[in-house]
Amino acid sequence: MDVQEIADRFEIADVLYRYSRAVDTKDWDLWRSVFTEDAVVDYSSAPFGKAGGRDEIAAWLEESFAFVTVSQHFITNIEYRFDGDRAEVRAMFYNPMQFAGMTELSTCGGNYHHSMVRTETGWRSRRLLEESLWFVNSPLQANSD
């Protein structure tokens, strides 16, 4: 591993952490800054997920997260595969959250799969595929009881 790859790993990790902070603070402009303008974001594996372009998904998240009163994303076990100015990145996530109107905490977890590109302003995600593996106490479950 050379110095450039070490620097790239740190920068990409910072992008992932910025993503988490953006979602948890509901800062959708900051969230957009994680992605290229033409990025595709796919949350369709989540119980109430959706896929689409960056700006479409940012608007959907803003609407959806109006019902989330507390959220805290933890990103860990980041794996990198570099090919020049591109990188395939897999990172695990764990996300406890509180939904409006629910008394119990909800949690979910899975993997983020990012296709990253180096841009003039740093690394950005060109594609995010969220692989939701589990969801405990989903608001959809609570509403179906």
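A: Asp-55 is partly exposed, with a relative accessible area of 40%; here buried means under 20% relative accessible area, exposed over 50%, and partly exposed in between (1.4 Å probe, protein chains only). The side chain of Asp-55 meets that of Arg-32 in a salt bridge, at 3.2 Å from N to O. The term stands for a side-chain nitrogen of Lys or Arg within 4 Å of a carboxyl oxygen of Asp or Glu. Asp-55 belongs to helix H3 (residues 54-64) and Arg-32 to helix H2, so their pairing ties together parts that lie 23 residues apart in sequence. Helices (H or I, at least four residues) and strands (E, at least two) are DSSP runs, numbered from the N terminus.

Before going on, a word on the basis. This is a predicted model, in which local features need pLDDT of at least 70 and side-chain atom pairs count only at pLDDT 80 or more, while totals for chains, interfaces and linings use all residues. Residues are numbered from 1 along each chain as its sequence is written, and side-chain values use heavy atoms, with hydrogens and water left out.

Back to Arg-32: its side chain also forms a salt bridge with Asp-29, again with an N to O distance of 3.2 Å. These two residues are three apart in helix H2 (residues 28-32), which means about one helical turn separates them. Asp-29 counts as exposed, at 61% relative accessibility.

If you now look elsewhere in the model, you will find Arg-118 in a salt bridge with Asp-8, where the closest N and O atoms are 2.8 Å apart. Arg-118 sits in strand E6 (residues 106-119) and Asp-8 in helix H1 (residues 3-25), so this pair ties together parts that are 110 residues apart in sequence. By the 4 Å rule, the count of salt bridges comes to nine.

Helix H1 also holds Thr-25. The side chain of Thr-25 reaches the backbone oxygen of Arg-21 at 2.7 Å. Thr-25 and Val-70 are 45 residues apart along the chain, and 9.0 Å separates their C-alpha atoms.

Technical notes:
Polar contact = N/O pair within 3.5 Å; in protein donor to acceptor, adjacent residues only side chain to side chain.
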